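Hi,

Here is the structure I promised to pass on.

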Amino acid sequence: MPMWFGQFIPAKINVANKASQINEEEAGLKQKQKEGELLSELASRYYGLVLAGQACKVRAQVADAMKKHLFDSQKLSEQGQIAKVEFLHAQVANSDAERELKKANREASIVERTLLNTLAVEDTIGILPASKLFILKNIENEEFFIRLALQNNPLLLQVDSKRELAATGVKLEKSNYLPSMALTGTYTLAQKDLSSYVPQWMVGLGLNWSLFEGNTRNRKLQAARFKVDQVDEAGVKAEEDIKTIIRKLHQQLGMQVEQLEELDKTLEFAQTYVDSRDKAFREGLSTSTELVDANLLLAKVKIERLQALYSYDVTLATLLQVCGSPEMFMQYQTSVQAITESF
């Protein structure tokens, strides 16, 4: 009873296996890139909800201040210390403050639904953010993040995979110049009724070698080499683009820190201005308009500070996503150097 066995040993098989492995690795990199984009989007919407919640608190503070101002205005008007028009202005300011508070609450609800969509959970679930807006006065320089991106950025790693795949394609085309071999054989398990001169096993080697195919193989080889050059050029451009983006985002972080430092000074002046106007109004030395404007100015500065913090957090999340290390965001958020803000 003879049994056949065989093995095909062309170089094309090894090359095809390598190409398959590279394609599998590239699919993993694309998944990592998508995950990084989703994490960046999640950070943007999560801290957007934190910003909206803090803005509601600022508007509530303004509403409380206007209620107090309305109460004071009524008492002073009844005592004849201020004109009735001042009391009427306080009523208008109180109504405006309540309207702005309701508007802020509605906007917060919209932001919350947007975050729920990102998390793919039902609208009936409420979200109470545990984290606060934060900022870091000092952070690593541009070169640190550039090195991080060169090591971890999924797009750059995909270019490396494509470069390796293109090089594999060159090897594949070169293999067409080599012969294809096939090893075959038989082995007789039982020799009953067979002559003793018949061998138990036989081995054969087949060889297929195309010596001439016109200029087809050469054109395919040149095309494969051109593909390598294309990938190299794309890789250089992608690397420069990544570096430019990182430098831009890093500079934005610096500008947001500078903006917050200026707003800190303005906030101190605005708070002092409100206190002085409130005291002057109760003494009959200031008008309702001046006090209301002072409170609105204070609220404006507070919200601008919150927006600067929010912009910093979103920019940092985007920077780390470009670097291919979005998981580092939590490290910065919980750092002892992180300065948080809450009203």
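This is a predicted model: local features need pLDDT of at least 70, side-chain atom pairs count only at pLDDT 80 or more; totals for chains, interfaces and linings use all residues.

Of the 343 residues in the chain, 35% are buried.

On to the overall layout. The chain has 7 helices and 5 strands, and if you walk along the sequence you get the pattern β-α-α-β-α-α-β-β-α-α-α-β. Take the contacts in the chain with a separation of 6 or more: 82% of them come from residues 24 or more positions apart.

Now for the inside. The largest nonpolar core has 54 residues, and the ones that touch the most other members are Tyr-47, Leu-133, Phe-134, Ile-246, Leu-316 and Tyr-332. Several elements give two or more residues to this core: helices H1 (11-78), H2 (84-119), H3 (142-152), H5 (216-282), H6 and H7 (329-333), plus strand S2 (133-136). Which element gives the most to this core? That's H6, with 17 residues.

Not counting residues up to four places away in sequence, Leu-316 touches Phe-134, Ile-139, Leu-253, Phe-329 and Tyr-332. Two of those names, Phe-134 and Tyr-332, are also in the list of core residues that touch the most other members.

Is Lys-302 buried or exposed? Its place is in helix H6 (residues 288-322), and it counts as buried because its relative accessibility is 12%, while the cut-off for buried is under 20%. The side chain of Lys-302 has a partner, too: it makes a polar contact with the side chain of Gln-61, at 2.7 Å.

The other residue is Gln-256, which lies in helix H5. With a relative accessibility of 10%, Gln-256 counts as buried as well. What does its side chain reach? The side chain of Gln-256 gets to the backbone nitrogen of Tyr-312, at 3.4 Å. Leaving aside neighbours within four places in sequence, Gln-256 is in contact with Ile-135, Ala-308, Ser-311, Tyr-312 and Thr-315.

If you want a place to start, bring up Gln-256 together with Tyr-312, then Lys-302 together with Gln-61.

Cheers

Terms used:
Residues are numbered from 1 along each chain as its sequence is written. Side-chain values use heavy atoms; hydrogens and water are left out. Helices (H or I, at least four residues) and strands (E, at least two) are DSSP runs, numbered from the N terminus. Buried means under 20% relative accessible area, exposed over 50%, partly exposed in between (1.4 Å probe, protein chains only). A polar contact is a pair of N or O atoms within 3.5 Å; within protein, one must be able to donate a hydrogen and the other to accept it, and residues adjacent in sequence count only if both atoms are side-chain atoms. A nonpolar core is a set of buried Ala, Val, Leu, Ile, Met, Phe, Trp, Tyr and Cys residues joined through side-chain atoms within 4.5 Å. Contact means heavy atoms within 4.5 Å.
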